Amino acid sequence: MRQVRNNYIDGAWRPAEHCSEGYNPSDTSELIGRFAIAGAADVRDAVDAARKAFADWKESSPQQRADILDRAANMIAGRTQELATLLAREEGKTLPEAVAEVTKAAHTFRYFAGEAVRLAGASLRSVRKAVDVDVRREAVGVVGLITPWNFPFSIPAWKSAPALAYGNCVILKPSELTNAIAWELANILHEAGVPRGVFQMVMGSGDTGAALVSNPGVDAVSFTGSGLVGSMIAAQVIGRGARLQLELGGKNPLVVAEDADLEKAVDAAVRGAFYSTGQRCTASSRIIVDGAVHDDFVERLVDRTARLRIGHALDEASDIGPLVSAAQLRRVSGYAEAAPSDGARHAFGGRVLATPANGYYFEPAIFLDGNMHQNINREEVFGPIVSVFKAADFADALRLANATEFGLSAGIFTSSHAKARAFIRASNSGMVMVNLPTVGSDYHVPFGGRGASAYGPKEMGLGAIEFFTQTKTAYITD
Ligand code: NAD
(Lines give C-alpha, C1' and ligand atoms only; values in the text may rest on other atoms or scores of the structure.)
Protein backbone atom coordinates (compact mmCIF):
# COMPACT_ATOMS: atom_id res chain seq x y z
CA MET A 1 0.00 0.00 0.00
CA ARG A 2 1.73 3.16 -1.21
CA GLN A 3 -0.96 5.61 -0.16
CA VAL A 4 -0.57 7.22 3.28
CA ARG A 5 -3.52 6.80 5.64
CA ASN A 6 -4.20 10.19 7.23
CA ASN A 7 -5.48 11.37 10.58
CA TYR A 8 -9.18 12.15 10.88
CA ILE A 9 -9.61 15.65 12.28
CA ASP A 10 -12.62 17.98 12.17
CA GLY A 11 -14.48 15.78 9.70
CA ALA A 12 -11.62 15.51 7.17
CA TRP A 13 -8.59 13.31 6.44
CA ARG A 14 -5.57 15.41 7.28
CA PRO A 15 -2.04 14.63 6.06
CA ALA A 16 1.00 15.15 8.32
CA GLU A 17 4.63 16.05 7.87
CA HIS A 18 5.87 12.66 9.09
CA CYS A 19 4.58 9.16 8.60
CA SER A 20 5.25 5.67 9.96
CA GLU A 21 5.17 2.25 8.33
CA GLY A 22 3.56 -0.92 9.60
CA TYR A 23 4.70 -4.47 8.71
CA ASN A 24 3.07 -7.87 9.04
CA PRO A 25 4.48 -9.67 12.13
CA SER A 26 3.78 -13.04 10.46
CA ASP A 27 5.99 -12.01 7.52
CA THR A 28 7.88 -8.78 7.96
CA SER A 29 8.55 -8.50 4.23
CA GLU A 30 4.91 -7.44 3.82
CA LEU A 31 4.18 -3.75 4.24
CA ILE A 32 0.75 -3.20 5.81
CA GLY A 33 0.62 0.54 5.27
CA ARG A 34 1.94 4.05 5.79
CA PHE A 35 0.34 6.28 8.38
CA ALA A 36 0.43 9.99 9.12
CA ILE A 37 1.87 10.82 12.55
CA ALA A 38 -0.19 13.48 14.32
CA GLY A 39 1.91 16.30 15.74
CA ALA A 40 1.08 18.59 18.63
CA ALA A 41 -0.77 21.05 16.34
CA ASP A 42 -2.94 18.24 14.93
CA VAL A 43 -3.88 17.11 18.42
CA ARG A 44 -4.67 20.69 19.43
CA ASP A 45 -6.88 21.14 16.36
CA ALA A 46 -8.70 17.89 17.11
CA VAL A 47 -9.41 18.98 20.69
CA ASP A 48 -10.60 22.43 19.51
CA ALA A 49 -12.88 20.84 16.89
CA ALA A 50 -14.28 18.45 19.50
CA ARG A 51 -14.99 21.29 21.94
CA LYS A 52 -16.86 23.15 19.21
CA ALA A 53 -18.82 20.07 18.17
CA PHE A 54 -19.78 19.13 21.73
CA ALA A 55 -22.29 21.99 22.11
CA ASP A 56 -24.56 20.47 19.43
CA TRP A 57 -23.72 16.80 19.92
CA LYS A 58 -24.70 16.74 23.59
CA GLU A 59 -28.11 18.09 22.52
CA SER A 60 -28.45 15.64 19.60
CA SER A 61 -31.40 13.28 19.74
CA PRO A 62 -30.81 9.81 21.15
CA GLN A 63 -32.31 8.51 17.90
CA GLN A 64 -29.64 10.27 15.83
CA ARG A 65 -26.90 8.76 17.97
CA ALA A 66 -28.52 5.33 17.90
CA ASP A 67 -28.85 5.42 14.11
CA ILE A 68 -25.17 6.28 13.61
CA LEU A 69 -24.01 3.51 15.95
CA ASP A 70 -26.40 1.03 14.35
CA ARG A 71 -25.10 1.90 10.87
CA ALA A 72 -21.53 1.42 12.13
CA ALA A 73 -22.50 -1.99 13.57
CA ASN A 74 -24.00 -3.05 10.23
CA MET A 75 -20.97 -1.86 8.25
CA ILE A 76 -18.61 -3.76 10.54
CA ALA A 77 -20.73 -6.91 10.44
CA GLY A 78 -21.00 -6.70 6.64
CA ARG A 79 -17.21 -6.46 6.27
CA THR A 80 -16.23 -9.00 8.96
CA GLN A 81 -13.98 -11.22 6.84
CA GLU A 82 -12.17 -8.33 5.18
CA LEU A 83 -11.60 -6.45 8.45
CA ALA A 84 -10.55 -9.62 10.26
CA THR A 85 -8.03 -10.42 7.53
CA LEU A 86 -6.48 -6.97 7.88
CA LEU A 87 -6.45 -7.33 11.68
CA ALA A 88 -4.73 -10.72 11.47
CA ARG A 89 -2.16 -9.36 9.00
CA GLU A 90 -1.40 -6.34 11.12
CA GLU A 91 -1.48 -7.74 14.68
CA GLY A 92 -0.64 -11.40 14.12
CA LYS A 93 -3.61 -13.07 15.81
CA THR A 94 -5.08 -15.96 13.84
CA LEU A 95 -7.98 -15.36 11.47
CA PRO A 96 -10.62 -17.07 13.71
CA GLU A 97 -9.46 -14.91 16.63
CA ALA A 98 -9.64 -11.81 14.43
CA VAL A 99 -13.13 -12.74 13.21
CA ALA A 100 -14.24 -13.06 16.84
CA GLU A 101 -12.80 -9.65 17.65
CA VAL A 102 -14.48 -7.91 14.71
CA THR A 103 -17.77 -9.62 15.50
CA LYS A 104 -17.59 -8.42 19.09
CA ALA A 105 -16.98 -4.85 17.88
CA ALA A 106 -20.13 -5.03 15.73
CA HIS A 107 -22.15 -6.38 18.68
CA THR A 108 -20.77 -3.61 20.90
CA PHE A 109 -21.87 -0.87 18.50
CA ARG A 110 -25.30 -2.46 18.19
CA TYR A 111 -25.67 -2.79 21.97
CA PHE A 112 -24.74 0.86 22.55
CA ALA A 113 -27.08 1.99 19.76
CA GLY A 114 -29.82 0.64 22.03
CA GLU A 115 -28.27 2.15 25.15
CA ALA A 116 -28.34 5.62 23.53
CA VAL A 117 -32.13 5.59 23.71
CA ARG A 118 -32.29 3.81 27.06
CA LEU A 119 -30.20 6.39 28.95
CA ALA A 120 -32.08 6.67 32.22
CA GLY A 121 -31.79 8.76 35.33
CA ALA A 122 -33.85 8.52 38.50
CA SER A 123 -36.86 10.40 39.72
CA LEU A 124 -37.45 10.64 43.49
CA ARG A 125 -39.51 12.62 45.95
CA SER A 126 -37.46 15.11 47.93
CA VAL A 127 -37.32 14.76 51.69
CA ARG A 128 -38.90 18.21 51.62
CA LYS A 129 -42.61 18.77 51.04
CA ALA A 130 -43.77 19.44 47.45
CA VAL A 131 -40.29 19.12 46.00
CA ASP A 132 -39.31 16.54 43.39
CA VAL A 133 -35.79 15.40 42.59
CA ASP A 134 -34.49 14.36 39.17
CA VAL A 135 -31.11 12.70 38.89
CA ARG A 136 -30.12 13.08 35.26
CA ARG A 137 -27.23 11.65 33.35
CA GLU A 138 -25.39 13.93 30.94
CA ALA A 139 -22.38 13.61 28.67
CA VAL A 140 -18.99 14.36 30.22
CA GLY A 141 -17.60 16.35 27.27
CA VAL A 142 -14.49 15.70 25.17
CA VAL A 143 -12.96 12.30 25.87
CA GLY A 144 -9.49 11.08 24.87
CA LEU A 145 -9.29 7.33 24.20
CA ILE A 146 -5.85 5.72 24.19
CA THR A 147 -5.71 2.10 23.15
CA PRO A 148 -3.22 -0.80 22.89
CA TRP A 149 -2.37 -3.08 19.96
CA ASN A 150 -3.58 -6.42 21.31
CA PHE A 151 -7.30 -5.83 20.65
CA PRO A 152 -6.84 -3.03 18.14
CA PHE A 153 -10.40 -3.06 16.80
CA SER A 154 -12.60 -4.14 19.70
CA ILE A 155 -11.05 -1.90 22.38
CA PRO A 156 -11.40 1.30 20.31
CA ALA A 157 -14.96 0.11 19.61
CA TRP A 158 -15.85 -0.58 23.23
CA LYS A 159 -14.61 2.83 24.29
CA SER A 160 -15.97 4.84 21.32
CA ALA A 161 -19.44 3.29 21.20
CA PRO A 162 -20.55 4.23 24.76
CA ALA A 163 -18.77 7.59 24.59
CA LEU A 164 -20.73 8.52 21.45
CA ALA A 165 -23.98 6.91 22.61
CA TYR A 166 -24.07 9.14 25.69
CA GLY A 167 -23.27 12.33 23.76
CA ASN A 168 -19.52 12.79 24.22
CA CYS A 169 -17.05 13.88 21.55
CA VAL A 170 -14.20 11.43 20.99
CA ILE A 171 -10.54 11.68 20.06
CA LEU A 172 -9.04 8.21 19.58
CA LYS A 173 -5.27 7.65 19.75
CA PRO A 174 -4.75 4.03 18.67
CA SER A 175 -1.55 2.04 19.18
CA GLU A 176 1.22 2.94 16.73
CA LEU A 177 1.52 -0.80 15.93
CA THR A 178 -2.04 -1.17 14.67
CA ASN A 179 -2.94 1.97 12.75
CA ALA A 180 -4.44 0.21 9.73
CA ILE A 181 -7.31 -1.44 11.56
CA ALA A 182 -7.95 1.68 13.66
CA TRP A 183 -8.08 3.72 10.46
CA GLU A 184 -10.83 1.39 9.19
CA LEU A 185 -12.86 2.09 12.32
CA ALA A 186 -12.49 5.84 11.84
CA ASN A 187 -13.54 5.48 8.22
CA ILE A 188 -16.58 3.40 9.20
CA LEU A 189 -17.71 6.06 11.69
CA HIS A 190 -17.14 8.75 9.05
CA GLU A 191 -19.29 6.81 6.58
CA ALA A 192 -21.89 6.08 9.26
CA GLY A 193 -22.51 9.83 9.40
CA VAL A 194 -20.85 10.95 12.61
CA PRO A 195 -20.93 14.80 12.53
CA ARG A 196 -17.79 16.85 12.08
CA GLY A 197 -15.61 17.03 15.22
CA VAL A 198 -17.65 14.39 17.09
CA PHE A 199 -15.28 11.48 16.39
CA GLN A 200 -11.64 12.05 15.49
CA MET A 201 -8.52 9.93 15.30
CA VAL A 202 -4.90 10.99 15.77
CA MET A 203 -2.22 8.39 15.02
CA GLY A 204 1.26 8.31 16.47
CA SER A 205 3.28 6.98 19.36
CA GLY A 206 3.49 8.03 23.03
CA ASP A 207 4.20 11.67 22.08
CA THR A 208 0.84 11.94 20.34
CA GLY A 209 -0.86 10.31 23.30
CA ALA A 210 0.92 12.61 25.74
CA ALA A 211 -0.19 15.68 23.75
CA LEU A 212 -3.77 14.44 23.99
CA VAL A 213 -3.86 13.63 27.70
CA SER A 214 -2.17 16.89 28.70
CA ASN A 215 -4.56 19.09 26.74
CA PRO A 216 -6.85 20.92 29.19
CA GLY A 217 -9.69 20.76 26.65
CA VAL A 218 -9.95 17.00 27.26
CA ASP A 219 -12.46 16.35 30.05
CA ALA A 220 -11.86 12.63 30.46
CA VAL A 221 -9.27 10.05 29.43
CA SER A 222 -9.91 6.34 29.04
CA PHE A 223 -6.67 4.39 28.68
CA THR A 224 -5.99 0.71 28.13
CA GLY A 225 -2.36 -0.36 28.20
CA SER A 226 0.60 -1.01 30.44
CA GLY A 227 0.82 -0.01 34.09
CA LEU A 228 3.89 2.10 33.44
CA VAL A 229 2.21 4.34 30.87
CA GLY A 230 -1.00 4.26 32.89
CA SER A 231 0.69 5.76 35.93
CA MET A 232 2.31 8.50 33.82
CA ILE A 233 -1.10 9.37 32.38
CA ALA A 234 -2.68 9.27 35.85
CA ALA A 235 -0.23 11.89 37.14
CA GLN A 236 -1.18 14.20 34.25
CA VAL A 237 -4.91 13.67 34.17
CA ILE A 238 -5.67 13.52 37.89
CA GLY A 239 -3.29 16.44 38.41
CA ARG A 240 -5.53 18.71 36.36
CA GLY A 241 -8.75 17.33 37.82
CA ALA A 242 -10.00 15.48 34.74
CA ARG A 243 -11.79 12.13 34.78
CA LEU A 244 -9.72 8.97 34.34
CA GLN A 245 -10.32 5.33 33.53
CA LEU A 246 -7.38 2.93 33.36
CA GLU A 247 -7.46 -0.70 32.23
CA LEU A 248 -4.04 -2.18 32.81
CA GLY A 249 -2.27 -5.51 33.03
CA GLY A 250 -2.89 -8.76 34.85
CA LYS A 251 -1.17 -11.76 36.45
CA ASN A 252 -4.26 -13.89 36.20
CA PRO A 253 -4.48 -17.11 38.19
CA LEU A 254 -6.22 -20.28 37.09
CA VAL A 255 -6.81 -22.62 40.02
CA VAL A 256 -7.19 -26.34 39.33
CA ALA A 257 -8.76 -28.04 42.33
CA GLU A 258 -8.25 -31.75 43.06
CA ASP A 259 -11.84 -32.48 41.95
CA ALA A 260 -11.51 -30.65 38.59
CA ASP A 261 -12.22 -32.22 35.21
CA LEU A 262 -8.55 -32.25 34.15
CA GLU A 263 -9.16 -32.45 30.40
CA LYS A 264 -11.34 -29.35 30.52
CA ALA A 265 -8.90 -27.59 32.85
CA VAL A 266 -5.99 -28.28 30.50
CA ASP A 267 -7.99 -27.03 27.54
CA ALA A 268 -8.84 -23.80 29.40
CA ALA A 269 -5.23 -23.37 30.51
CA VAL A 270 -3.92 -23.72 26.95
CA ARG A 271 -6.54 -21.38 25.54
CA GLY A 272 -6.10 -18.86 28.32
CA ALA A 273 -2.32 -18.89 28.39
CA PHE A 274 -1.29 -19.39 24.78
CA TYR A 275 -4.02 -18.38 22.35
CA SER A 276 -3.69 -14.86 20.94
CA THR A 277 0.00 -15.68 21.55
CA GLY A 278 -0.54 -14.95 25.26
CA GLN A 279 -0.97 -11.27 24.45
CA ARG A 280 -4.15 -10.73 26.42
CA CYS A 281 -4.57 -8.77 29.62
CA THR A 282 -6.76 -11.62 30.87
CA ALA A 283 -4.29 -14.38 29.90
CA SER A 284 -3.84 -17.16 32.47
CA SER A 285 -0.21 -16.75 33.48
CA ARG A 286 -0.21 -18.51 36.84
CA ILE A 287 -1.74 -22.00 36.96
CA ILE A 288 -2.20 -23.08 40.55
CA VAL A 289 -2.76 -26.82 40.80
CA ASP A 290 -3.68 -28.85 43.84
CA GLY A 291 -0.77 -31.14 44.76
CA ALA A 292 -3.00 -34.21 44.46
CA VAL A 293 -3.42 -33.72 40.68
CA HIS A 294 -0.36 -31.57 39.89
CA ASP A 295 1.78 -34.17 38.11
CA ASP A 296 -1.11 -35.55 36.07
CA PHE A 297 -2.13 -31.99 35.06
CA VAL A 298 1.42 -31.02 34.07
CA GLU A 299 1.85 -34.13 31.93
CA ARG A 300 -1.37 -33.36 30.05
CA LEU A 301 -0.52 -29.65 29.75
CA VAL A 302 2.90 -30.35 28.23
CA ASP A 303 1.44 -32.94 25.87
CA ARG A 304 -1.30 -30.59 24.68
CA THR A 305 1.06 -27.61 24.33
CA ALA A 306 3.54 -29.64 22.30
CA ARG A 307 0.80 -30.26 19.74
CA LEU A 308 0.02 -26.57 19.17
CA ARG A 309 0.86 -25.32 15.70
CA ILE A 310 2.59 -21.96 15.57
CA GLY A 311 2.51 -20.22 12.23
CA HIS A 312 1.38 -17.43 9.92
CA ALA A 313 -1.78 -15.77 11.23
CA LEU A 314 -3.61 -16.43 7.95
CA ASP A 315 -2.60 -20.08 7.71
CA GLU A 316 -5.67 -22.17 8.56
CA ALA A 317 -3.44 -24.74 10.23
CA SER A 318 -2.09 -22.24 12.78
CA ASP A 319 -3.36 -22.36 16.36
CA ILE A 320 -1.14 -19.46 17.37
CA GLY A 321 0.34 -16.59 15.38
CA PRO A 322 3.53 -14.61 15.99
CA LEU A 323 4.20 -12.02 18.67
CA VAL A 324 3.33 -8.52 17.51
CA SER A 325 6.79 -6.98 17.13
CA ALA A 326 10.53 -7.48 17.42
CA ALA A 327 10.47 -5.63 20.75
CA GLN A 328 7.80 -8.02 22.09
CA LEU A 329 9.83 -11.01 20.89
CA ARG A 330 12.92 -9.70 22.71
CA ARG A 331 10.96 -8.96 25.84
CA VAL A 332 9.09 -12.28 26.03
CA SER A 333 12.10 -14.45 25.13
CA GLY A 334 14.11 -12.52 27.73
CA TYR A 335 11.66 -13.61 30.43
CA ALA A 336 11.94 -17.24 29.28
CA GLU A 337 15.75 -17.14 29.31
CA ALA A 338 15.92 -15.60 32.78
CA ALA A 339 13.26 -17.79 34.42
CA PRO A 340 15.52 -20.76 35.38
CA SER A 341 17.95 -18.47 37.20
CA ASP A 342 14.96 -17.42 39.30
CA GLY A 343 14.26 -21.03 40.35
CA ALA A 344 11.62 -21.81 37.71
CA ARG A 345 11.95 -25.37 36.38
CA HIS A 346 11.74 -25.53 32.59
CA ALA A 347 9.15 -28.05 31.39
CA PHE A 348 8.53 -27.05 27.77
CA GLY A 349 9.23 -24.54 25.01
CA GLY A 350 10.42 -20.98 25.18
CA ARG A 351 12.49 -20.92 21.98
CA VAL A 352 12.49 -18.22 19.34
CA LEU A 353 11.44 -20.06 16.16
CA ALA A 354 13.22 -19.58 12.87
CA THR A 355 10.29 -20.86 10.81
CA PRO A 356 8.10 -19.79 9.20
CA ALA A 357 10.53 -17.23 7.86
CA ASN A 358 10.52 -13.50 8.58
CA GLY A 359 8.14 -13.49 11.54
CA TYR A 360 8.26 -12.96 15.30
CA TYR A 361 7.54 -16.57 16.23
CA PHE A 362 7.94 -17.88 19.75
CA GLU A 363 7.26 -21.34 21.15
CA PRO A 364 4.83 -21.34 24.13
CA ALA A 365 6.70 -22.05 27.36
CA ILE A 366 5.81 -23.89 30.56
CA PHE A 367 7.75 -23.47 33.81
CA LEU A 368 7.16 -25.44 37.03
CA ASP A 369 7.86 -24.81 40.74
CA GLY A 370 6.19 -21.41 40.51
CA ASN A 371 6.43 -19.03 43.43
CA MET A 372 5.68 -15.36 43.93
CA HIS A 373 9.36 -14.34 44.16
CA GLN A 374 9.99 -15.17 40.51
CA ASN A 375 9.90 -12.33 38.01
CA ILE A 376 7.67 -14.24 35.59
CA ASN A 377 5.05 -14.34 38.35
CA ARG A 378 5.41 -10.82 39.66
CA GLU A 379 5.56 -8.93 36.35
CA GLU A 380 3.23 -9.05 33.39
CA VAL A 381 5.05 -10.97 30.62
CA PHE A 382 2.34 -10.47 27.98
CA GLY A 383 3.37 -13.47 25.95
CA PRO A 384 2.83 -17.25 25.86
CA ILE A 385 4.68 -18.17 29.06
CA VAL A 386 2.92 -19.98 31.87
CA SER A 387 4.07 -20.81 35.37
CA VAL A 388 2.63 -23.80 37.22
CA PHE A 389 2.39 -23.63 41.04
CA LYS A 390 1.86 -26.67 43.26
CA ALA A 391 -0.66 -25.84 45.99
CA ALA A 392 -0.73 -27.76 49.28
CA ASP A 393 -4.52 -27.65 49.42
CA PHE A 394 -7.51 -25.53 48.42
CA ALA A 395 -6.80 -22.84 51.05
CA ASP A 396 -3.22 -22.57 49.80
CA ALA A 397 -4.50 -22.26 46.21
CA LEU A 398 -6.79 -19.38 47.23
CA ARG A 399 -3.91 -17.65 49.00
CA LEU A 400 -1.61 -18.00 45.96
CA ALA A 401 -4.33 -16.79 43.58
CA ASN A 402 -4.61 -13.53 45.52
CA ALA A 403 -0.88 -13.11 46.20
CA THR A 404 -0.41 -10.44 43.54
CA GLU A 405 -0.97 -6.71 43.26
CA PHE A 406 -2.97 -7.31 40.07
CA GLY A 407 -6.66 -8.26 40.06
CA LEU A 408 -8.08 -8.56 36.57
CA SER A 409 -9.41 -12.06 35.92
CA ALA A 410 -9.24 -15.24 38.02
CA GLY A 411 -10.48 -18.72 37.18
CA ILE A 412 -11.15 -22.00 38.94
CA PHE A 413 -11.78 -25.53 37.72
CA THR A 414 -13.68 -27.61 40.24
CA SER A 415 -16.69 -29.90 40.38
CA SER A 416 -17.53 -28.62 43.85
CA HIS A 417 -20.17 -25.94 44.09
CA ALA A 418 -18.88 -25.00 47.55
CA LYS A 419 -15.32 -24.49 46.28
CA ALA A 420 -16.54 -22.43 43.34
CA ARG A 421 -18.56 -20.19 45.64
CA ALA A 422 -15.69 -19.86 48.11
CA PHE A 423 -13.40 -18.88 45.22
CA ILE A 424 -15.79 -16.24 43.90
CA ARG A 425 -16.12 -14.75 47.39
CA ALA A 426 -12.40 -14.79 48.18
CA SER A 427 -11.05 -13.58 44.83
CA ASN A 428 -9.43 -10.14 44.63
CA SER A 429 -10.13 -9.91 40.89
CA GLY A 430 -12.71 -7.85 39.03
CA MET A 431 -13.77 -10.87 36.97
CA VAL A 432 -14.08 -14.48 38.12
CA MET A 433 -14.53 -17.52 35.88
CA VAL A 434 -15.85 -20.88 37.06
CA ASN A 435 -14.94 -23.83 34.83
CA LEU A 436 -14.10 -21.35 32.05
CA PRO A 437 -10.82 -19.87 30.79
CA THR A 438 -9.73 -16.57 32.38
CA VAL A 439 -10.07 -14.99 28.92
CA GLY A 440 -13.29 -14.09 27.12
CA SER A 441 -15.91 -11.57 28.17
CA ASP A 442 -19.36 -10.35 27.15
CA TYR A 443 -20.12 -6.87 25.82
CA HIS A 444 -23.22 -6.23 27.95
CA VAL A 445 -21.70 -6.54 31.45
CA PRO A 446 -18.92 -4.64 33.23
CA PHE A 447 -15.34 -5.50 32.25
CA GLY A 448 -12.30 -4.59 34.31
CA GLY A 449 -10.04 -5.26 37.22
CA ARG A 450 -9.07 -4.23 40.72
CA GLY A 451 -5.85 -3.25 42.43
CA ALA A 452 -2.98 -2.56 40.03
CA SER A 453 -5.09 -3.78 37.09
CA ALA A 454 -7.44 -0.83 36.90
CA TYR A 455 -8.49 2.58 38.08
CA GLY A 456 -11.89 4.22 37.87
CA PRO A 457 -15.23 2.87 36.69
CA LYS A 458 -15.46 -0.37 34.71
CA GLU A 459 -15.82 -0.55 30.94
CA MET A 460 -18.50 -2.08 28.72
CA GLY A 461 -22.13 -2.87 29.12
CA LEU A 462 -23.76 -1.74 32.32
CA GLY A 463 -20.44 -0.35 33.54
CA ALA A 464 -19.75 2.17 30.77
CA ILE A 465 -22.42 4.64 31.84
CA GLU A 466 -20.49 5.43 35.03
CA PHE A 467 -17.49 6.77 33.15
CA PHE A 468 -19.07 8.30 30.08
CA THR A 469 -21.84 10.20 31.85
CA GLN A 470 -22.02 12.54 34.82
CA THR A 471 -25.04 13.07 37.03
CA LYS A 472 -26.90 16.29 37.64
CA THR A 473 -29.40 16.47 40.51
CA ALA A 474 -32.32 18.81 39.86
CA TYR A 475 -34.66 19.90 42.72
CA ILE A 476 -38.03 21.04 41.36
CA THR A 477 -41.06 22.68 42.84
CA ASP A 478 -43.79 24.93 41.47
P1 NAD B 1 1.39 0.65 26.20
O2 NAD B 1 1.09 1.13 27.57
O3 NAD B 1 2.79 0.59 25.75
O4 NAD B 1 0.63 1.58 25.13
C5 NAD B 1 -0.77 1.79 25.19
C6 NAD B 1 -1.10 3.07 24.43
O7 NAD B 1 -0.55 4.19 25.13
C8 NAD B 1 -0.52 3.16 23.02
O9 NAD B 1 -1.49 3.76 22.18
C10 NAD B 1 0.68 4.06 23.20
O11 NAD B 1 1.06 4.75 22.03
C12 NAD B 1 0.17 5.04 24.24
N13 NAD B 1 1.21 5.74 24.99
C14 NAD B 1 2.49 5.37 25.24
N15 NAD B 1 3.11 6.30 26.00
C16 NAD B 1 2.20 7.28 26.24
C17 NAD B 1 2.23 8.51 26.99
N18 NAD B 1 3.33 8.90 27.63
N19 NAD B 1 1.11 9.25 27.04
C20 NAD B 1 -0.02 8.85 26.43
N21 NAD B 1 -0.11 7.71 25.69
C22 NAD B 1 0.99 6.93 25.61
O23 NAD B 1 0.65 -0.77 26.08
P24 NAD B 1 0.65 -1.76 24.83
O25 NAD B 1 1.99 -2.40 24.73
O26 NAD B 1 0.08 -1.09 23.62
O27 NAD B 1 -0.44 -2.85 25.30
C28 NAD B 1 -0.16 -3.89 26.15
C29 NAD B 1 -0.65 -3.59 27.55
O30 NAD B 1 -2.06 -3.33 27.53
C31 NAD B 1 -0.49 -4.75 28.50
O32 NAD B 1 0.01 -4.29 29.74
C33 NAD B 1 -1.92 -5.26 28.68
O34 NAD B 1 -2.17 -5.94 29.89
C35 NAD B 1 -2.70 -4.03 28.58
N36 NAD B 1 -4.10 -4.32 28.25
C37 NAD B 1 -5.05 -4.20 29.23
C38 NAD B 1 -6.39 -4.50 28.95
C39 NAD B 1 -7.46 -4.36 30.00
O40 NAD B 1 -8.61 -4.20 29.62
N41 NAD B 1 -7.13 -4.41 31.28
C42 NAD B 1 -6.75 -4.93 27.66
C43 NAD B 1 -5.75 -5.05 26.70
C44 NAD B 1 -4.43 -4.73 27.00
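Angles over 145 degrees between two axes count as roughly antiparallel. Keep that cut-off in mind for the first stop on this tour of a predicted model.

**Stop 1: two packed helices**

Select helix H3, residues 80-91, together with helix H6, residues 179-191. They pack at an angle of about 150°, and their axes are 8 Å apart. H3 and H6 are therefore roughly antiparallel to each other. Now show side chains: from H3, Leu 83, Leu 86, Leu 87 and Glu 90 meet Asn 179, Ala 180, Ile 181, Glu 184 and Ile 188 of H6. Coloured by class, this contact has 6 nonpolar, 1 polar and 2 charged residues.

**Stop 2: the nonpolar cores**

Next, bring up Ile 76, Phe 109, Phe 153, Phe 199 and Met 201, which have the most contacts inside the largest nonpolar core, a set of 82 residues. Helix H4 (residues 95-118) gives the most to this core, contributing 9 residues. Which residues does Phe 109 touch, leaving out those up to four places away in sequence? Pick Phe 109 and you will find Leu 69, Ala 72, Ala 73, Ile 76, Ala 157, Ala 161, Leu 185 and Leu 189 around it.

**Stop 3: the seven-stranded sheet**

Switch to cartoon view and trace the open sheet of 7 strands, in the order E15-E16-E17-E14-E13-E19-E20, with mixed pairing. At its edges are strand E15 (345-348) and strand E20 (431-434), each pairing on one side only. From one strand to the next, the twist averages 25°.

Zoom in on strand E13 (residues 252-256) and strand E19 (residues 409-413), a parallel pair with 3 bridges. Here Leu 254 stands opposite Gly 411 in E19.

Helix H13 (residues 394-402) lies across E13, E14, E17 and E19, and runs at about 165° to E14.

**Stop 4: a hairpin and its partner**

Select strand E6 (residues 122-125) and strand E7 (residues 132-139), which pair in the antiparallel sense over 4 bridges. Arg 125 stands opposite Asp 132 in E7. The two strands form a hairpin with 6 residues between them, and Ala 130 in the turn has a positive phi of about 60°.

**Stop 5: two loop residues**

Go to Lys 58, in the loop between helix H1 (40-57) and helix H2 (62-78). Lys 58 is partly exposed, at a relative accessible area of 41%. Beyond its neighbours up to four places away in sequence, Lys 58 touches Arg 65, Ala 139 and Gly 167. Draw a line from its C-alpha atom to that of Ala 292, 234 residues apart along the chain, and it spans 59 Å.

Finish at Leu 462, in the loop between strand E22 (454-455) and helix H15 (464-468). Is Leu 462 buried or exposed? Leu 462 counts as exposed because its relative accessibility is 56%, where the cut-off is over 50%. Its contacts, leaving aside neighbours within four places in sequence, are Tyr 111, His 444, Val 445 and Pro 446. From C-alpha to C-alpha, Leu 462 and His 444 are 6.3 Å apart, with 18 residues separating them in sequence.

Note on methods
Residues numbered from 1 in each chain as written. Predicted model: local features only at pLDDT ≥ 70, side-chain atom pairs only at ≥ 80, totals over all residues. Heavy atoms only, no water. Axes fitted to C-alpha atoms, helices over the stretch in contact; angles between N-to-C directions. Parallel < 35°, antiparallel > 145°, perpendicular 65-115°, else oblique. Contact = heavy atoms within 4.5 Å. Nonpolar A, V, L, I, M, F, W, Y, C, P; charged D, E, K, R; others polar. Core = buried A, V, L, I, M, F, W, Y, C linked by side-chain atoms within 4.5 Å. Buried < 20%, exposed > 50% of the residue type's maximum accessible area, 1.4 Å probe, protein only. Pairing = 2+ DSSP bridges.
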